[in-house]
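Visitor: I have a structure to read. Can you take me through it?
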Amino acid sequence: MAINFKSLTYIYDEGMPYAHKALDDINLSLIEGKITAIIGQTGSGKSTLVEHLNALLLPSFGSLEILDRTIVAKQKNTGLKALRKEVGLVFQFSEYQLFEETILKDVAFGPKNYGASEQEAIQKAKEALKLVGIEEKYYDISPLDVSGGQKRRIAIAGILALEPKILVLDEPTAGLDPKGASEMINIFINLNKQKNTTIIIVSHDNEMVYNFADNTVLMDHGKVIFNGLTLDLFNNKELSDKYNLLKPKIVLFKELLTKNGFKIDPNIRTIEELSKYLAKEINKK
Amino acid sequence: MCYSNTFSKVVYNRIVMSFIEVKDLCFSYVEDNLVLDNLSFNIEKGTYTCIIGHNGSGKSTLAKLIAGLLEAKSGSIKIDGLEVNATNIHSIRSKLGIVFQNPDNQFIGSTVRDDIAFGLENKQIKREEMDDIINKYAKEVGVLDFLDKEPTALSGGQKQRVAIAGVLAMNPEIIIFDEATSMLDPKGKSDIKKLMSLLSDTKKYTIISITHDIEEVLLSDNCLVLNKGKVYAYSKAKDVFNNAEELRKIDLDIPFSLKVKEAFNKQHIKLKSNDLEGMAKELWQLTSNH
């Protein structure tokens with residue numbers, strides 16, 4: 001199964017003097033069950049693209065096929081509420097959206113809103129909070145009284161409580177400290193492995209993208225420049241130079257080694273793999 | 001050397017008095033939960049100091065105390081000999097500017113020019129002088145071409161530059177950057193870091209940067225590591241990573257180049273260089289030496 005964008009164009013303020021084409025005739029297929037990163041400079045259309053996935057934005061032209069549904073431009077599309085439950089969208093700085101009296105109530109809000117009973121909603125909320133590593137002792141305190149990293153996790157739990165098939169996250173690690181960021185990423189990797197949840201992440205952090213995204217989509221000025229394996233994108237010198245991709249440091253180091261004469265296995269992703277590989281090469285001689 | 005007693009005392013005082021002196025500082029938001037616990041350290045004039053520590057270590061609280069936005073529970077902070085308290089707050093604030101994390105929360109003008117002018121207007125600077133000052137600092141931070149643009153037309157990095165120009169226009173001695181690059185995209189981040197380095201090179205400003213960006217530490221003079229409200233380490237920036245294990249214990253990251261060195265160390269390959277280029281060369285030499 002795949003998510004298919006077909007000749008999809010999105011124009012902000014269509015027909016107005018300030019009309020702005022944010023997505024320009026996008027044809028894109030995203031594979032379900034994978035972790036896909038969407039990268040590109042600020043203003044390239046990343047957020048606009050993912051906001052189509054749960055029909056928060058509807059296409060100006062073209063269509064989107066997602067989870068047995070087709071959303072077509074300028075038609076009355078039904079069943080969007082159900083789609084929004086199945087495609088969970090976590091905004092940038094999602095912690096600003098917490099509002100309930102207690103953490104447990106905040107997370108239970110989503111399921112209740114979709115018709116779950118009080119008891120069911122609480123149950124779902126507890127499961128979701130467990131997934132993001134928020135302990136029971138926090139349940140009854142205000143979501144506004146915890147640290148920034150915890151708030152972010154609570155906001156994500158609010159979406160996870162809906163048990164989405166597709167989880168879309170816009171810059172989920174921005175502003176978190178390195179430990180907080182890597183814990184966050186591990187939550188997504190586990191969801192993907194254990195529940196086969198499709199993970200789509202908008203990110204500026206190419207180090208992180210290189211480390212864990214199966215596939216990467218590179219956007220520029222509302223167009224898709226690349227869609228494929230993450231390793232293939234960053235190993236493609238021509239593309240990464242042309243679009244000024246900030247290369248992960250490990251890629252830069254691999255390039256330096258190649259310049260000195262080494263032949264480096266393109267599948268190496270981490271320093272550990274690299275050091276072991278080179279130790280072998282050196283001892284061979 | 002022989003000085004009369006009084007004279008040597010004066011000299012002594014001059015030498016020991018640091019520009020920013022923090023002594024036995026304690027602070028808590030709620031009772032019995034010290035966010036800063038007996039903190040003491042000094043910062044010298046014209047230096048660039050990074051303050052690192054994970055979320056909740058007390059970094060931002062410390063910055064707010066230095067700026068007089070919060071009041072210490074006990075202990076003291078002195079800036080240029082003046083204690084930060086209600087009496088001195090106006091003289092302290094005139095010496096100090098802050099650049100905050102979120103570029104959207106600190107843009108108050110309707111255009112770039114208005115935004116930079118805001119502080120100057122408060123200071124009742126004459127119109128003619130104001131134009132010169134705005135142009136000077138807009139040029140220094142690289143926003144001269146956007147003076148008449150609205151904030152919505154600017155990227156995050158550009159907005160942060162405007163915030164910096166606004167701070168510089170007030171002629172501060174101290175600039176505090178409170179995670180000023182953490183919400184920016186990679187280009188914005190690297191632009192602002194370059195600008196901070198340039199400002200530091202002028203030696204005109206004492207720069208304090210609260211940051212999560214371990215690579216930024218390598219650009220600064222000194223690094224203060226906070227953990228659970230206490231000083232965990234305070235040293236020259238280049239030395240702070242010498243004891244990587246100690247930093248890992250408190251969940252802090254170390255720069256990439258050091259990680260490379262460590263990984264090869266584990267494979268019994270000892271690298272002498274500290275930069276990636278040098279390491280790549282060394283490794284290649286190892287293959288050809290055999």
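Guide: We go from the sheet to the chain contacts.

Guide: This is a predicted model, where local features need pLDDT of at least 70, side-chain atom pairs count only at pLDDT 80 or more, and totals for chains, interfaces and linings use all residues. Residues are numbered from 1 along each chain as its sequence is written, with chains lettered from A and ligands numbered from 1 in the order in which they are written.

Visitor: What is the strand order of the open sheet in chain A?

Guide: Strands are DSSP runs of E, at least two residues; helices are runs of H or I, at least four; both are numbered from the N terminus. Two strands pair if DSSP finds at least two bridges between them. Here 6 strands run β6-β7-β8-β3-β9-β10, with mixed pairing.

Visitor: Why is one side of β6 and of β10 of chain A left without a neighbour in the sheet?

Guide: β6 (87–90) and β10 (223–229) stand at the edges, so each has a single partner strand.

Visitor: How many bridges join β3 to β9 of chain A?

Guide: There are 4, and the two strands run parallel. A:Ala37 has A:Thr216 as its bridge partner in β9(A).

Visitor: Which strands does α6(A) touch?

Guide: Contact means C-beta atoms, placed from the backbone, within 7 Å. α6(A) packs on the sheet against β3, β7 and β8 (198–202) of chain A.

Visitor: How many residues of chain A are in contact with chain B?

Guide: 30 residues of chain A meet 30 of chain B. α5 (148–160), α6 (178–195), α10 (249–260) and α11 (271–284) of chain A each supply at least two residues of that side of chain A. α11(A) gives the most, with 8 residues.

Technical notes. Contact = placed C-beta atoms within 7 Å. Axes fitted to C-alpha atoms, helices over the stretch in contact; angles between N-to-C directions.
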